[in-house]
Amino acid sequence: MVYQPLVDLQSGKLVSVEALLRWRNERGDIISPADFIPVAEETGLIVPIGEWVLQEACLQAVRWRQQGVELQMAVNLSARQFRDRALASLIKHTLEVSQLPPECLKLEITETAVMENSLEAATILQELKSLGVGIAIDDFGTGYSSLAYLRRFPINQLKIDQSFIHEMLVHEDSAAIVRSVISLAKALQLQTVAEGVETEAQRDFLRAAGCELMQGYLYSRPVDPVNIVGMVNGDSLAS
Ligand code: C2E
Ligand code: CA
Ligand code: CA
């Protein structure tokens with residue numbers, strides 16, 4: 001597992017991290033989750049992998065807390081995990097075993113995964129929410145969007161998809177989408193995260209547009225846990 005910081009655009013402070021999975025094959029090459037997660041979804045292996053990810057991320061968050069580093073931990077859930085009836089009890093169990101306070105965990109679910117299960121989604125999300133964890137909608141803007149659900153679903157955060165962030169200073173329509181998502185989120189009292197922020201110009205645009213958090217190579221790539229402690233303790237990069 002590697003961890004990528006989410007930074008407050010106003011204060012420049014690291015407030016949260018996203019747990020991202022890596023797989024090193026026998027030859028020592030790193031395989032991207034974009035390649036192996038879809039296969040794990042198809043075969044069902046995502047279920048045990050997902051359990052391990054959740055447990056490892058919670059334990060890591062607790063290890064940091066023991067070192068005085070308090071960060072919210074975001075964990076990705078795949079569509080199949082989201083449909084899994086045992087999901088809420090798995091999360092409850094993992095929180096209990098790891099002793100991580102529920103509000104320190106945030107679950108990231110893609111817009112597509114939520115909409116694929118739109119009938120049950122409200123119930124599942126409510127069940128998760130009642131455990132006290134946060135919920136983020138990932139890759140927002142790329143799925144089939146019914147804006148009505150934003151109001152109905154108990155979510156905390158919208159993560160604007162990287163494609164809009166990458167294009168927003170080149171294409172005026174992407175800039176318009178980013179601004180609209182930020183103001184929509186504000187009106188609904190949801191926090192916004194911009195993903196894939198790579199340049200200072202993108203950061204400045206987002207700050208001016210009122211986006212709250214950013215994540216991207218500008219601040220840091222996903223890194224090993226020890227590097228996160230270093231960043232919190234001050235030896236951080238661009239803010
Ligand atoms: P995601 O959840 O949208 O994660 C963000 C991806 O964007 C990560 O890729 C991250 O390394 C990358 N990224 C972050 N900042 C930048 C940037 O400034 N520029 C660019 N070009 N990329 C940036 P990664 O780690 O390869 O993960 C890809 C996807 O695989 C994730 O997309 C997520 O959908 C999935 N994934 C990763 N770990 C897990 C996991 O533990 N469980 C599940 N279910 N899915 C995972
Ligand atoms: Ca994510
Ligand atoms: Ca994303």
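## A tour of the calcium ion (ligand 2)

Along the chain, the donors of the calcium ion (ligand 2) follow the spacing E-x57-N-x31-E-x29-D. Donors here are N, O and S atoms within 2.8 Å of the metal (3.2 Å for Na, K and Ca); water is not among the atoms, so sites may look incomplete. This is a predicted model, in which local features need pLDDT of at least 70 and side-chain atom pairs count only at pLDDT 80 or more, while totals for chains, interfaces and linings use all residues. Residues are numbered from 1 along each chain as its sequence is written, chains are lettered from A and ligands numbered from 1 in the order in which they are written, and side-chain values use heavy atoms, without hydrogens and water.

Select the ion and its protein donors: Glu-18 (OE), Asn-76 (OD1), Glu-108 (OE) and Asp-138 (OD), which lie 2.2 to 2.3 Å from it.

Next, select Glu-108, found in strand β6 (residues 105–110). Strands (E, at least two residues) are DSSP runs, numbered from the N terminus. Glu-108 is buried at 1% relative accessibility; buried means under 20% relative accessible area, exposed over 50%, and partly exposed in between (1.4 Å probe, protein chains only).

Finally, select Asp-138, which bridges the calcium ion (ligand 2) and the calcium ion (ligand 3), 4.2 Å apart.

How values were computed. Helices (H or I, at least four residues) and strands (E, at least two) are DSSP runs, numbered from the N terminus.
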